Amino acid sequence: RAGHALGIDVRRVPTTRNDFKADVGAISSKIDDNTIGIVGSAPCYPFGVFDPIRELGALAQARGLWLHVDACVGGFLSPYVKRLGHALPDWDFSVPGVSSISADLHKHGMAAKGASLMMLRSKELKEKYQTFDFKEWERGPYVAWTMQGTRPGGAVAAAWATLQHLGDEGYLRCARMIMDNKKGLLEGIARIPGLAVLEPSELSIFVTRSADPGLDIGAVSDAMGTKGWLIGRQVEPPGIHMHLNPSHERMVGDYLADLGWAVGEARRSGLRSGPAGSTY
Ligand SMILES: Cc1ncc(COP(=O)(O)O)c(C=O)c1O
């Protein structure tokens with residue numbers, strides 16, 4: 001969307017490897033003299049997997065390019081999940097070549113929507129690329145760091161209050177709950193014949209797919225809908241997309257029971273369902 005607004009050509013590269021991660025060779029082959037930067041996810045939203053940020057950092061350095069890491073999903077979660085002992089790839093400013101990182105306060109920062117984070121590696125980068133400093137105004141210098149300029153501070157204050165309230169311990173507790181919820185769900189799904197979870201799944205997102213040609217996952221989603229579940233429908237490959245937060249703790253048992261029932265319904269009806277209603 002930013003590329004569209006700024007008139008920047010975005011070259012998307014298919015994830016040709018079967019692990020759904022960015023193909024560094026393919027990205028490299030798309031770079032030309034007009035390229036200003038490359039982007040990797042940590043992790044991406046559709047599959048919840050990390051792109052190889054270390055390799056992308058090396059590529060960015062070799063070609064003199066900006067590397068932005070989209071850690072909107074993982075920014076506030078990955079450090080804590082790592083502290084709990086899970087192995088995760090490197091993705092932050094410890095990786096040479098990373099110039100900027102985005103992290104969503106409204107996702108695993110646990111704050112309300114309306115405030116988010118964009119971090120730059122150094123003050124110099126901020127001054128050079130993010131600061132709008134207009135000095136020829138009768139009222140005095142006008143300096144702004146966001147596209148919006150004047151904006152309400154309520155969401156920022158609310159996010160700050162959430163950070164203070166949860167603190168380091170709170171975020172660790174949230175991370176533990178999320179990973180426990182995931183474990184419970186994955187174990188339960190593995191016990192339902194005909195379902196499988198797309199691998200790898202490295203953080204708080206996973207996709208459930210059909211492992212049986214006779215079972216349509218869209219029909220399973222439809223059946224879940226009749227029980228009142230709001231199902232995230234993955235289009236490619238077809239599946240049920242789930243992004244976990246701590247409050248899912250109370251629904252793990254009910255969800256698995258209804259999922260088992262929905263699989264039976266889908267098999268019984270033999271219906272097939274397209275990705276209708278899958279708009280994000
Ligand atoms: C991986 C990822 N990047 C970025 C965003 C943020 O997008 P938006 O421009 O809607 O804030 C999201 C979702 O909100 C996301 O999941």
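Helix α6 gives the most to the lining of the second largest pocket, contributing four residues. In this predicted model, the pocket holds about 170 Å³ of space, and both α6 (154-190) and β7 (195-197) supply at least two residues of its lining. The lining is made up of Lys182, Leu186, Ile189, Ala190, Leu195, Ala196, Val197, Leu198, Glu199, Pro200, Ser201 and Arg209. By class, these residues divide into eight nonpolar, one polar and three charged.

Two members of this lining, Glu199 and Pro200, are also joined by a cis peptide bond, with omega near 0°. Pro200 is placed in the loop between β7 and β8 (205-210). A cis peptide bond is likewise found from Glu236 to Pro237, where omega is about -10°, and Pro237 belongs to the loop between β9 (232-234) and β10 (239-243). A further backbone feature concerns Phe20, a residue other than glycine whose phi is positive, near 65°; Phe20 lies in the loop that runs between α1 (2-6) and α2 (24-30). Such features stand out because most residues other than glycine have a negative phi and most peptide bonds are trans.

The ligand is surrounded by nine residues, of which the closest are Arg1, Tyr45, Asp70, Cys72 and Lys107. The shell around the ligand comprises four nonpolar, one polar and four charged residues. On the side of Asp70, an N or O atom of the side chain is 2.6 Å from a nitrogen atom of the ligand. Taken alone, the ligand exposes 400 Å², and the protein buries 62% of that area.

Charged side chains also pair within the protein itself, with a count of 13 salt bridges. One of these joins Asp90 to Arg54, whose closest N and O atoms are 3.0 Å apart. This pair links distant parts of the chain, since Asp90 is located in the loop between α4 (78-83) and β3 (100-103), whereas Arg54 belongs to helix α3 (residues 53-63), the two being 36 residues apart. In general, side chains of opposite charge can pair when their charged atoms come close.

Methods:
Residues numbered from 1 in each chain as written. Predicted model: local features only at pLDDT ≥ 70, side-chain atom pairs only at ≥ 80, totals over all residues. Heavy atoms only, no water. Near = heavy atom within 4 Å. Polar contact = N/O pair within 3.5 Å; in protein donor to acceptor, adjacent residues only side chain to side chain. Areas by Shrake-Rupley, 256 points an atom, 1.4 Å probe, with all protein chains shown as cover. Nonpolar A, V, L, I, M, F, W, Y, C, P; charged D, E, K, R; others polar. 1 Å grid on protein atoms, 1.4 Å probe; cavity = no way out; pocket = protein on both sides within 12 Å on 5 of 7 lines; lining within 4 Å. Points joined across faces, edges and corners; volume = space filled by probe spheres on them. Salt bridge = Lys/Arg side-chain N within 4 Å of Asp/Glu carboxyl O.
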